[in-house]
Amino acid sequence: MGRKVGIEVSIAAADAAALCDVDVVAAYPITPQTHVVEHLAELVASGHLDAEFVPVESEHSAMSVCCGSVAVGARTFTATAAQGLALMAEIVYIAGSMRLPLVMFLSNRALSGPLSIWNDHSDAMMVRDCGWIQVFCEDGQEVFDAIIHAFRVGEDPQVSLPVMVNVDGFVLTHVIEPIEYWTKEMVQKYLPPFQPVSRLTPEKPVSMGAFGMPEIYLEQKMAHNVALLNSRPIIEKGWTELAELTGRKYSAVETYKVDDAETIILGMGTICSTSSLAVDKMRAEGKKVGLVKLRLWRPLPSDDLRRVLAKAKDVVVLDRAICPGGGNAPVTSEIRAIMYTEPERPRIHCMIAGIGQRDVTPDDVCAMVDMALSQSIKDYHIYGVRG
Amino acid sequence: MKRRLRELQPFDKEAEERAIELGHGLHPDDKYLKPGRIPHIWCPGCGLGVVLTCFIGALRQKQFGVDECAVVSGIGCTGRVAGYLDMDTYHTTHGRAIPFATGLALAKPDTHVAVFSGDGDLFAIGGNHLIHAARRNVNLKVICVNNFNFGMTGGQAGPTTPLDAKTSTTPLGNAEPGFNLPYLAHASGAIYVARWTTFHPRQLVHSIGESFDRTGFTFIEVIAPCPTGYGRPNKLGSGLEEMRYYRDMSEIRYGADPADAEIKLRGKILVGTFEAADRPDFMETYRTQVIARAQAGGKGKGRAA
Ligand code: SF4
């Protein structure tokens, strides 16, 4: 068992990547991601990590460097946020469809404009369909474990896909938490050396990034989708073995007091901690409320979600991104879609909150649940707007 | 839990004008600065305030009204300038000040369009835009505050960080050389190239004024202290000590070859006006070539009257 330290989550995340012996780190500074790369740069400079640190001139270049380095078989890590992700988006899609298994730490931040450095999920939702495995973390320990798990799953030859680890900017990246570190031996046992399915090598030349003509493009897209869907058992296996090593068991959908719950709150990331306090409060008032934390955003664990949510009367989804002009918000729309075909389905309420880091307290969560149950809000409600 | 949110205060223009008329306790630059935005967020000893004051000084010298100019900036500490100036300003996304300003300058050719941004913004993500705008000779007045690092995000290495300099991403010294900005601007086609430090405010005001007199792409680099980001790891001391360094290590040489203007860590700083040439700007070339040809029915090499 590793040592437990009180440490800033960003620094721990960098240490986790370093423990995985990454070969290449390419990143461009952007708030609130900077501490992750700064610490990795320190580790490389001090000789603690034998890797190339590439201080590129833009995020577009960062993701391009990452694609190149994975293509030759190097274990690769990067980190960014909001505008940085927007700039690298072109290559993010390419990394997904070319099945290049790199790992990205995304410190979730609101997209401009207006310019904001604060937290919400609008950046992650912008690249929802990039074909990566995407997970959301609630606390520092989850972040640490998720990064090691990400390399293990993404690099698995049956998966070979990039993984995005979503970490709420500031509210999680910049807090100091007790985190149990893995030992080097644990990581070596858990994470085999990177053996890419195909790589650029003079011994066996391959072409990557070729044209997908109309005769083949669709099949390629289908193959990518199937690969993402099929990654699920490997993701689960990764979590099972992680539990054997650390005693911490993760799953795609996690629940809190849902067994007899009539109302279920559903969220992703740090808002779940807040919501669990709200659940306790409402339980104390005799209300049958539970919480579902969705960790695995892609591939969406539809089966587990259906099983858990079908029993409830009401589901209140806390969405952390606005979908202007749309029917509701990204997470709600998925939940409504997968529940639509169920014979018995709950009412699904969409509450958009915590945009641009507008604070959401447990009282706010209680208020949102009350509002959802007592008022007939049709499509969605944006909570806490002033004026 | 009670939430405390700041009340939104609509800006009281009348009250401000009254205060200016009375001249009561106001700073002389106040009519150029957005009321309520000062004090600024820059660190003690930062050079950005000096550069902003010089810019305002040049506007005053040229007797430009706030409605004759527009200022476009990118992201970073220097980018904040757009928020402080009380005129038409635009705070663009990272690196994109120049393309935005290009659109502005072409649509409003009578406006003086200044691009006020940092080295990290103009030469990292924005590098490509800068060289192409210089090549086209778009009528833009670029003022680039160079403090050798990405200050706002916490002092990481950037495109101007000199070889061996320490930053938060190069803790043992930078393995890459930095750009020689005047040389790059000159090679890309800028018609006016100058460099000053924050120790040279008079020359800087004059230089900015000169750049406003010219039609075409002008480039002024201002070396400025960033004691928080770049100064600390490189042991350059406080902002004041950096000013002393500029005093001791600057060499004024007008007309110097920009190729000689490279800055090494703790090395000497060549300052002055390096280039003041003339060549038709983008608008003029477009009018005399493309439009004239189109008016001649697409035939021959028509020239506008
Ligand atoms: S970080 Fe540097 S450039 Fe930014 S305000 Fe502080 S001293 Fe100035």
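**Close-up views of a predicted model**

**View 1. Strands S7 and S8 of chain B run side by side.** In this predicted model, S7(B) pairs with strand S8 (residues 269–276) of chain B in the parallel sense, and three bridges join the two strands. Within this pairing, B:Ser250 has B:Ile269 of S8(B) as its bridge partner.

**View 2. The open sheet of chain B has eight strands.** The strands follow the order S2-S1-S3-S4-S6-S5-S8-S7, and their pairing is mixed. At the edges lie strand S2 (88–91) and strand S7 (250–252) of chain B, each of which pairs on one side only. On average, and with direction ignored, neighbouring strands of this sheet are turned by 20° against each other.

**View 3. Two helices lie across strands of chain B.** Helix H7 (residues 181–188) of chain B lies across S4, S5, S6 and S8 of chain B, and runs at about 170° to S5(B). Helix H10 (residues 239–249) of chain B lies across S5, S6, S7 and S8 of chain B, and runs at about 45° to S7(B).

**View 4. Helices H6 and H9 of chain A pack against each other.** The angle between helix H6 (residues 140–154) and helix H9 (residues 232–246) of chain A is about 130°, with their axes 10 Å apart. The residues that make the contact include A:Asp145 and A:Arg152 of H6(A), together with A:Trp239 and A:Leu242 of H9(A). By class, this contact has five nonpolar, three polar and two charged residues.

Definitions and conventions: Residues numbered from 1 in each chain as written. Chains lettered and ligands numbered in written order. Predicted model: local features only at pLDDT ≥ 70, side-chain atom pairs only at ≥ 80, totals over all residues. Axes fitted to C-alpha atoms, helices over the stretch in contact; angles between N-to-C directions. Helix = DSSP H or I, 4+ residues; strand = E, 2+ residues; numbered from the N terminus. Contact = placed C-beta atoms within 7 Å. Nonpolar A, V, L, I, M, F, W, Y, C, P; charged D, E, K, R; others polar. Pairing = 2+ DSSP bridges.
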